[in-house]
Amino acid sequence: MTDRVVGVAMNGVTGRMGYRQHLLRSVLAVREAGGVRLPDGGRVLPEPYLVGRSEQRVGEVARRHGIERWSTDLDAVLSDPGVEVYFDAQITSAREAAVRSALAAGKHVYAEKPVASTHAAARDLAKLAQASGASNGVVQDKLFLPGLLKLRRLVDSGFFGRILSVRGEFGYWVFEGDWQPGQRPSWNYRAEDGGGIVLDMFPHWHYILENLFGRVRAVTVRTATHIPERRDEDGEPYEATADDAAYGVFELDGGAIAQFNSSWAVRVDRDELVEFQVDGTHGSAVAGLRECRVQHRTATPRAVWDPDAPDLADYRSQWQRVPDNQEFPNGFRAQWELFLRHLATGEPFGYDFASGARGLRFAEAGLHSAATGTRVELDWEDEA
């Protein structure tokens, strides 16, 4: 029975996601809980070493949480023998170079998605990591959220029978920045800075589809830039050059069809900001990030189409809520704990750079489909 302290260099924790989800709710939460318990009774304890470009911002975060080690010199941090893991939550365009440096320095790497800006670059990183023997992982947080875990429970139990279709609805209205500040950083809307909803959200859709329903075999996508001009963080107008909405049809192994609408220019009329409806021969489910409702074929009411009469049916009341039946930790923390346990024990970790590269290939296929107006087939046999 042994305890192991793992030094984790964390780059990008002054940003909203890096700070709230990865530092505060994951690494610090695990450390405060005494680490991740291992099968032999020991524990693995992450020790953060903060790194970033702004001395003022990184130093302020470190002081706020009593973190002794922090720096603005990435090379110096990577040369520290006490650092075993490099984590990256920077802007996408800065991630690839930093990850390459970390692999060259012999570090294990865990990174936000997408791990690079292109499929080719992500696949190259996967090969570099494999050749070096470094453990590597990409954040796929949605798989660890309560709604998706309940959906996985239904899939694994055979609840749906033969799955026919999956429909995803995601999005909300991001203010243009004139009369109200936008809720997302301006680079998200500039293609030259790696922005766009396809690059941001399609890697999420890919790992959800791949892990729950099967490989995507063909992609047909239409994109749009519905809001052509926005204002940045300083209130200055700029041209939105990236897609802010995407409408896709994805053909899956086994014949199921998935339809996903993704938009930062839609007003929400859903229970959650993202919902997935799965229809099968034996039952259907609607899952969000937290909740999941089902309707089995034995409880499916007879619907009748009659446009000349009022429809008095309360359709939502005809669904049954799936109970929690377990405690659900923060999704980001759950995946961090799996990665730390993988480092300590060598047990399999399926969310590696290769899976991240497949997500980028899926996104690029969507962009190609939108640009050419064609259906794009995907052959995964040559993927790492």
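Analyst: A note on numbering before we start: helices (H or I, at least four residues) and strands (E, at least two) are DSSP runs, numbered from the N terminus. Also, this is a predicted model.

User: Fine. Which strands supply at least two residues each to the lining of the second largest pocket?

Analyst: There are three entries to give: strand 8 (163-171), strand 14 (274-280) and strand 16 (292-296). Strand 14 gives the most, with 3 residues.

User: How many residues line that pocket, and which lie nearest its centre?

Analyst: The second largest pocket is lined by 25 residues, and those nearest its centre are Gln 277, Tyr 315, Arg 316, Gln 318 and Trp 319.

User: And what is its volume?

Analyst: About 560 Å³ for the second largest pocket. Its lining splits by class into 12 nonpolar, 4 polar and 9 charged residues.

User: Which helix gives the most to the lining of the largest cavity?

Analyst: Helix 9, with 4 residues. Helix 7 (197-212) and helix 9 (353-372) each supply at least two. The lining includes Pro 203, His 206 and Tyr 207, and also Ser 355, Gly 356, Gly 359 and Leu 360. By class, the lining of the largest cavity has 6 nonpolar, 5 polar and 1 charged residue.

User: What sort of peptide bond joins Lys 113 and Pro 114, cis or trans?

Analyst: It is cis, with omega at about -10°. Lys 113 and Pro 114 are both among the residues lining the largest cavity. Pro 114 sits in the loop between strand 6 (108-111) and helix 5.

User: What else touches Pro 114?

Analyst: Thr 92 does: leaving out residues up to four places away in sequence, Thr 92 touches Pro 114, Ala 116, Ser 117 and Trp 187. Thr 92 is in helix 4.

User: Is Thr 92 buried or exposed?

Analyst: Thr 92 is buried, because its relative accessibility is 6% and the cut-off for buried is under 20%.

User: Staying with helix 4, how do helix 4 and helix 5 cross?

Analyst: The axes of helix 4 (residues 92-104) and helix 5 (residues 119-132) come within 10 Å and cross at roughly 10°. Angles under 35 degrees count as roughly parallel, so helix 4 and helix 5 are roughly parallel to each other. Helix 4 makes the contact with Glu 96, Val 99, Arg 100 and Leu 103, while helix 5 uses Ala 121, Asp 124, Leu 125, Leu 128, Ala 129 and Ser 132. Sorted by class, this contact of helix 4 with helix 5 has 6 nonpolar, 1 polar and 3 charged residues.

User: And at what angle do helix 6 and helix 7 cross?

Analyst: Roughly 30°, with the axes of helix 6 (residues 146-157) and helix 7 coming within 11 Å. Helix 6 and helix 7 therefore also count as roughly parallel to each other. Leu 148, Leu 151, Arg 152 and Val 155 of helix 6 meet Ile 208, Asn 211 and Leu 212 of helix 7. That contact of helix 6 with helix 7 divides into 5 nonpolar, 1 polar and 1 charged residue.

User: Back to helix 9. What does Ala 363 touch?

Analyst: Not counting residues up to four places away in sequence, Ala 363 touches Val 198, Phe 202 and Pro 203. Ala 363 lies in helix 9 and is buried, with a relative accessible area of 1%. The C-alpha atoms of Ala 363 and Ser 117 are separated by 11 Å, with the two residues 246 apart along the chain.

User: Where is Val 174?

Analyst: Val 174 is in the loop between strand 8 and helix 7. Val 174 counts as buried at 1% relative accessibility. Leaving aside neighbours within four places in sequence, Val 174 is in contact with Gly 182, Gln 183, Arg 184, Tyr 189, Arg 230 and Trp 264. From Val 174 to Val 266 is 8.3 Å in space, C-alpha to C-alpha, and 92 residues in sequence.

User: Last one. Which residue has a positive phi although it is not a glycine?

Analyst: Asn 325, with phi at about 60°. Most residues other than glycine have a negative phi. Asn 325 is in the loop between strand 17 (320-321) and helix 8 (331-345), and it is exposed, with a relative accessible area of 65%.

Methods
Residues numbered from 1 in each chain as written. Predicted model: local features only at pLDDT ≥ 70, side-chain atom pairs only at ≥ 80, totals over all residues. Heavy atoms only, no water. 1 Å grid on protein atoms, 1.4 Å probe; cavity = no way out; pocket = protein on both sides within 12 Å on 5 of 7 lines; lining within 4 Å. Points joined across faces, edges and corners; volume = space filled by probe spheres on them. Nonpolar A, V, L, I, M, F, W, Y, C, P; charged D, E, K, R; others polar. Buried < 20%, exposed > 50% of the residue type's maximum accessible area, 1.4 Å probe, protein only. Contact = heavy atoms within 4.5 Å. Axes fitted to C-alpha atoms, helices over the stretch in contact; angles between N-to-C directions. Parallel < 35°, antiparallel > 145°, perpendicular 65-115°, else oblique.
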